[in-house]
Structures are given as structure tokens and as C-alpha cells.
Amino acid sequence: MGTETAIRVVLADDQPLVRAGLRTVLEGTADAHVVGEAGTGAQAVRLARELRPDVVLMDIRMPGMDGIEATQMITSGPPATRVVILTTFDDDDNVYAALRAGASGFLVKDMALDDILTAVRVVAAGDALIAPGVTRRLIEEFAARPAAVRRPRELAGVTEREHEVLTLVGRGLSNAEIAASLHISPGTAKAHVASLLAKLGARDRVQLVIAAYDAGLVSPSR
């Protein structure tokens, strides 16, 4: 596969060594091509608008405009560009805000580089991805916020079965796992997820996870 059809990626991180490592992995494959690098959020937004990449790998903590604001600006533009947040979860309490800003994935920097490459492929294909083990910690982070700032979201038009599916999506289950849990076919599970995306106006699976939090369907104890 040539660069004409390869996944076009912009790397946004203020650490040149991090960008160099990511570039080495991505350029070592036939289906990904780094088209630009940014050291600040403002540069990431400019490159996303100029180059229209498929995926932006975005650090949260950068000088000037941070990755959250940059993500918000990028995802409010052409829908073809998706953002994967790449940061250190334990040190960053802004992950939830970044996902709400429209990110399609969330990865921690200590993941294997091959796993990051897999995530780029998944997100470029139109799906969403949260690193294994992070979903529950994300729930805990959200649940730890004062209850006063969280108002349960109304789920107008969502059926009882879709409530069940949304709860399982919020717990981080895949379509196959949802199917097994509810004793339905994987195709039916996928159809329910697609219906939820449409009814809730969600960009992707990550936003369904957030909707499950907002509706009170998911908490660390459930």
C-alpha cells in the first residue's frame, strides 16, 4: 500500500523524542504515513486544517494551547480527522474533558508502540478505542467528581434493550462481549450500538461511554 492510501497521521507532542519514536513505528509500516509534526496545540490545529490527516495523535499537556482545546477545535471541523489522546493517565486529570472534546481514542504513553499503531488503524477505520484497563479508571475519575456538577442525562427514545447495551458499552465491553452477555448475535449487538449512536447524536463509541456516565448507568461499583 502506498502513501496515497496510507493512514495520514499528524503527531502532536512537545517532546521531540516521543514524536521520533512514534514516527519510527508508523513509518515502518505500509499503511501509515506521518504527514506532519506539532510541538504545540496551536500547531496541531493548523496542521490538521491544512493537511486534513486521518488521525492526530495528541498529547494533552503542551505549551500554550493544550491538547484539550486543540482537540475541540479539530473535531469541530471536517469529520474525517479523528483525534487519539496520548498521555500519562496517572498524572493527568483532564482525560475526561479531552474525550468530551471529541477524541476518538485514549492511550497511555507506556503502551507498546505496536499497540499504538493498532489504535491508529482502529480509529482511522471509524471506530473508537480506549486502552485496555482504562475504562474502569475513567469511570472512577468521573464518579469522583462532586455529584452537584453531574446531572443525569435524559435518554429520549432509547429502548430498554438499548439501555442494557449502553450500560455494557459504558463498562468497556466490545460488541462480541455485549452479544455474549445479552445472548444476542454480534450483528444484533452492532445494530443496537449503531442505533444508539444515531439516537444520542454520538460521534463514536467513546461518546457512548460518556453518555452512559452522564445517564448514571455506569459507576465504579456497577
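Guide: One term before we start: buried means under 20% relative accessible area, exposed means over 50%, and partly exposed is in between, using a 1.4 Å probe and protein chains only. This is a predicted model: local features need pLDDT of at least 70, side-chain atom pairs count only at pLDDT 80 or more, and totals for chains, interfaces and linings use all residues. Residues are numbered from 1 along each chain as its sequence is written, and side-chain values use heavy atoms, with hydrogens and water left out.

Visitor: Okay, what is the relative accessible area of Ser185?
Guide: Ser185 lies in the loop between H8 and H9. Helices here are DSSP runs of H or I with at least four residues, strands are E runs of at least two, and both are numbered from the N terminus. Ser185 counts as partly exposed because its relative accessible area is 35%.

Visitor: And which side chain makes a polar contact with the side chain of Ser185?
Guide: A polar contact is a pair of N or O atoms within 3.5 Å; within protein, one must be able to donate a hydrogen and the other to accept it, and residues adjacent in sequence count only if both atoms are side-chain atoms. At 2.9 Å, the partner of Ser185 is Thr188.

Visitor: Over to the strands. Which residue in E4 stands opposite Met58?
Guide: In E3 (residues 55-58), Val55 and Leu57 point one way, Val56 and Met58 the other, and all are buried. Strands pair if DSSP finds at least two bridges between them; E3 is joined by four bridges to E1, running parallel, and by four to E4, also parallel. On the E4 side, the residue opposite Met58 is Ile85.

Visitor: How many residues are in the largest nonpolar core?
Guide: A nonpolar core is a set of buried Ala, Val, Leu, Ile, Met, Phe, Trp, Tyr and Cys residues joined through side-chain atoms within 4.5 Å. Leu26, Val56, Leu57, Met58 and Ile85 have the most contacts inside the largest one, and its residue count is 44.

Visitor: Leaving aside neighbours within four places in sequence, which residues is Leu26 in contact with?
Guide: Leu26 belongs to that largest core. With those sequence neighbours set aside, its contacts are Val9, Leu11, Ala32, Val34, Leu57, Leu117 and Val120.

Visitor: Last one: which residue's backbone oxygen lies 2.8 Å from a polar atom of the Thr75 side chain?
Guide: Thr75 is found in helix H3 (residues 67-75) and is buried, at 12% relative accessible area. Its side chain also reaches the backbone oxygen of Thr71 at 2.9 Å. The backbone oxygen at 2.8 Å belongs to Ala101.

Conventions
Contact means heavy atoms within 4.5 Å.
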